[in-house]
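Here is a model to go through label by label.

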Amino acid sequence: MKTQDSFSFSRLYLLIRRQVSSNGRSLLIGFAGLAGILILISLVVGWRSPENLSSMNNAFFVVMFIVGFIISSQAFMEMHHPQKAWQYLCLPVSTTERLLSAWILTALAFPLLALTAMLAVQAITLIFLALAGISASFGMLLTERALNLTLIYIILQGVFLLGASWFKKNHLLNTLLVLFVFMTIFNSYAGLLGWALFGSLSGSEGMIVMGDEAISPRMQAIISEHIPAVFRFIFWYLTIP
C-alpha cells in the first residue's frame, strides 16, 4: 500500500515532532514576548484601577484569536516555499497526516498553550501587584464562557487552516478577503430574501414592521426558533469535520 493512501499514528507523531522541533523555538520566543507585553498592560491596569483588572480576560482571548489565526494561516508555508516545498512534499507521509498534524497543532495544542500562558500571566501579574501592596483579582478565567470561546476558536481557525493550504501567498489576507466577500453575498441574499417575503409589511419609512398579527404563529416559530437552531447545529456539529 502506498504511503499516500495509508494512515499511520507513528508517522503522524513523527511529523508533529518535526513541526514542533523546527518551529517551536521561534513560537516560544514569540509567546514569551507577547506574554511580557500582556503582563505590563495588566500591571498598568491593576495599578490604576484594580477593580477593572477582570476586563483583561477579554483582551487575553482577543489576542488568542488573532495570534491563533495568524499561526493557522502560516501552517503550510513550507509547502508554498520554493526552496523548501520539495523537502516537505517528499516526506513519507500521507495527505491526511499532513492535514491532521496541522490541525492538532493549531486547533488543540495552541489553545492549550494559550490558556496556560493566560494563567501564567495572571499569576505573575498578581504577584507583582501583591508586592506593591495592591489587592486585585482577574476573576475566574476557566469558565463556561471561556470554554465556549475556545470551541469557537477551534471551529473558526479551520477556515484559516484551509486558506493556508489553498493560497500560495498572503494566506491571512486572502482568507480574510474571501470571508468578507462570502459574508457580503450572504447578507445581501438574506436581505433580498427578507424583502421578498416581507416587503409588503414595510412601513412609511421603508422599514419592515412585523407585529404578531402580521405573520402566522407557525412562521414566527420558524423565524425565532427553527432557523437559529439549524444554524447552531451547522456551526457546532458540521463545521469541525
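A contact here means heavy atoms within 4.5 Å. The model is predicted. Residues 24 or more positions apart account for 72% of the protein chain's contacts with a separation of 6 or more.

Q: What makes up the secondary structure of the protein chain?
A: The protein chain has eight helices and zero strands. Along the sequence the pattern reads α-α-α-α-α-α-α-α.

Q: What share of the protein chain is buried?
A: Of its 241 residues, 28% are buried. The label needs a relative accessible area under 20%.

Q: Which residues does threonine 125 touch, leaving aside its neighbours within four places in sequence?
A: Threonine 125 is in contact with Ile39, Ser42, Leu43 and Phe138. Isoleucine 39 is 86 residues away along the chain, yet the two C-alpha atoms are separated by 5.9 Å.

Q: What class does glutamine 19 fall in, buried or exposed, and why?
A: Its relative accessibility is 12%. Buried means under 20%, so glutamine 19 counts as buried. Glutamine 19 sits in helix α1. Gly24, Glu78 and Leu105 touch it, not counting residues up to four places away in sequence.

Q: How far apart are glutamine 19 and alanine 102, in sequence and in space?
A: They are 83 residues apart in sequence. C-alpha to C-alpha, glutamine 19 and alanine 102 are 8.7 Å apart.

Q: Why is asparagine 58 given its accessibility label?
A: Asparagine 58 has 39% relative accessibility.

Q: What makes the phi of asparagine 170 worth a note?
A: Asparagine 170 is not a glycine, but its phi is positive, about 50 degrees. Most residues other than glycine have a negative phi.

Q: How do you know what span to expect of α6?
A: The expected span is 1.5 Å times one less than the number of residues. α6 has 23 residues, and 33 Å is expected. From first C-alpha to last, α6 reaches 34 Å, close to that value.

Q: Which residues of α6 are buried?
A: Among them are Ala146, Leu149, Thr150, Tyr153, Ile154 and Gln157. Phe160, Leu161 and Ala164 are also buried.

Q: What makes a set of residues a nonpolar core, and how many residues has the largest?
A: Its members are buried nonpolar residues joined through side-chain atoms within 4.5 Å. The largest nonpolar core has 27 residues. Phe60, Phe61, Met64, Met118 and Tyr153 have the most contacts inside it. α1, α2, α5 and α6 (144-166) each supply at least two residues of this core. The largest share, seven residues, comes from α5. Apart from this core lies another, of eight residues, including Leu15, Leu91, Ala102 and Leu161.

Q: Which residues does methionine 64 touch, not counting residues up to four places away in sequence?
A: Methionine 64 touches Phe110, Ala114, Met118, Thr150 and Tyr153.

Q: What lines the largest pocket?
A: The lining has 43 residues. Asn23, Gly24, Ser26, Leu27 and Ile71 lie nearest the centre of the pocket. By class, 28 of the lining residues are nonpolar, ten polar and five charged. α1 gives the largest share, 16 residues. The space in this pocket is about 1,100 Å³.

Note on methods: Residues are numbered from 1 along each chain as its sequence is written. This is a predicted model: local features need pLDDT of at least 70, side-chain atom pairs count only at pLDDT 80 or more; totals for chains, interfaces and linings use all residues. Side-chain values use heavy atoms; hydrogens and water are left out. On a 1 Å grid over the protein atoms alone, a cavity is a set of points where a 1.4 Å probe fits but cannot get out, and a pocket is an open set with protein on both sides within 12 Å along at least five of seven lines; lining residues have an atom within 4 Å of a point. Grid points are joined across faces, edges and corners, and a volume is the space filled by probe spheres set on the points. Helices (H or I, at least four residues) and strands (E, at least two) are DSSP runs, numbered from the N terminus. Ala, Val, Leu, Ile, Met, Phe, Trp, Tyr, Cys and Pro count as nonpolar, Asp, Glu, Lys and Arg as charged, and the others, Gly among them, as polar. Buried means under 20% relative accessible area, exposed over 50%, partly exposed in between (1.4 Å probe, protein chains only).
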